[in-house]
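Please look over the model shown here.

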Amino acid sequence: MGRKPHESDRLVLGGHPVPAELMPQDRLAGGETPKIVRAVLPLSDEQRAEVLAFADSLPRQQRTQPAQMPVSFDHYLRSEGPGAQIMRLLANRNMNQSAVARAVFEITRGGRYWAASTYALVGTGRKELTPDLLGDLAPLLDIPADVLGTLTGVTPEGIAVPGLGEIIWAVRRLTRAQAEEVRGVAEAMTGSRRGS
């Protein structure tokens, strides 16, 4: 993986529950992820690194609600196959199927416009995880293509977005308000990039 493999990723890949202390900080923050994806896509690699540094610099807040994984995670946990593995990994990044659908729409510039329910079918093995679909999902994960291929038996076909998966991972430990701050920083950079 891009960095040392995350312990919670090891658990979800093994089909195990994630303990509360390793769950995303604030399930509501996951709704910000597609907006962050949209803001980060036009940025340079250096600007993405700045967004990541900002996200990493934000302090971890005390939980105000019990720790929870995104909705549908338990369905993916009870399912087998490559689609279930990938959707579990995405849920571990605090992305429910709606956030996944919206983020992929951004990554593909509108090329893949699927309903959230279709991603649920992928996660429960009723829709195939194809090379092009895995390629569209891969930038969200911060896991190298060859590792994804080994994990799933599917070779991803798509365009890499350096740094995006790392930002998404960093945001999973933040509250919704902090995720909004990260989005604001990225959007400000997008504005300055357009102006240059």
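Which residues of H3 are buried? They are Gln47, Arg48, Val51, Leu52 and Ala55. Buried means under 20% relative accessible area, exposed over 50%, and partly exposed in between, with a 1.4 Å probe and protein chains only. This is a predicted model: local features need pLDDT of at least 70, side-chain atom pairs count only at pLDDT 80 or more, and totals for chains, interfaces and linings use all residues. Residues are numbered from 1 along each chain as its sequence is written, and side-chain values use heavy atoms, with hydrogens and water left out.

**Helix H3**

- The buried residues of H3 are Gln47, Arg48, Val51, Leu52 and Ala55.
- They cover an arc of only 145° around the axis, so they sit on the same side of H3. The arc is that of the directions from the helix axis to the C-beta atoms.
- Glu46 and Ser57, on the other side of H3, are exposed.
- H3 has 13 residues (45-57), which at 1.5 Å a residue should span 18 Å; its end C-alpha atoms are 18 Å apart, in agreement. The expected span is 1.5 Å times one less than the number of residues.
- Helices (H or I, at least four residues) and strands (E, at least two) are DSSP runs, numbered from the N terminus.

**Packing of H5 and H7**

- H5 (residues 82-91) packs with H7 (residues 116-123) at an angle of about 120°, and their axes are 6 Å apart. Axes are lines fitted to C-alpha atoms, for helices over the stretch in contact, and angles run from 0 to 180 degrees between N-to-C directions.
- That angle makes H5 oblique to H7. Under 35 degrees counts as roughly parallel, over 145 as roughly antiparallel, 65 to 115 as roughly perpendicular, and the rest as oblique.
- Gly83, Ala84 and Met87 of H5 meet Tyr119, Val122 and Gly123 of H7. Contact means heavy atoms within 4.5 Å.
- The residues of this contact divide into four nonpolar, two polar and no charged. Ala, Val, Leu, Ile, Met, Phe, Trp, Tyr, Cys and Pro count as nonpolar, Asp, Glu, Lys and Arg as charged, and the others, Gly among them, as polar.

**Ala101**

- Ala101 lies in H6 (residues 97-107). Its relative accessibility is 8%, so Ala101 counts as buried.
- Leaving aside neighbours within four places in sequence, Ala101 contacts Trp114, Ala115, Ala116 and Tyr119.

**Pro162**

- Pro162 lies in the loop between H9 (145-152) and H10 (164-171). Pro162 is partly exposed, at 42% relative accessible area.
- Leaving aside neighbours within four places in sequence, Pro162 contacts Asp45 and Arg48.
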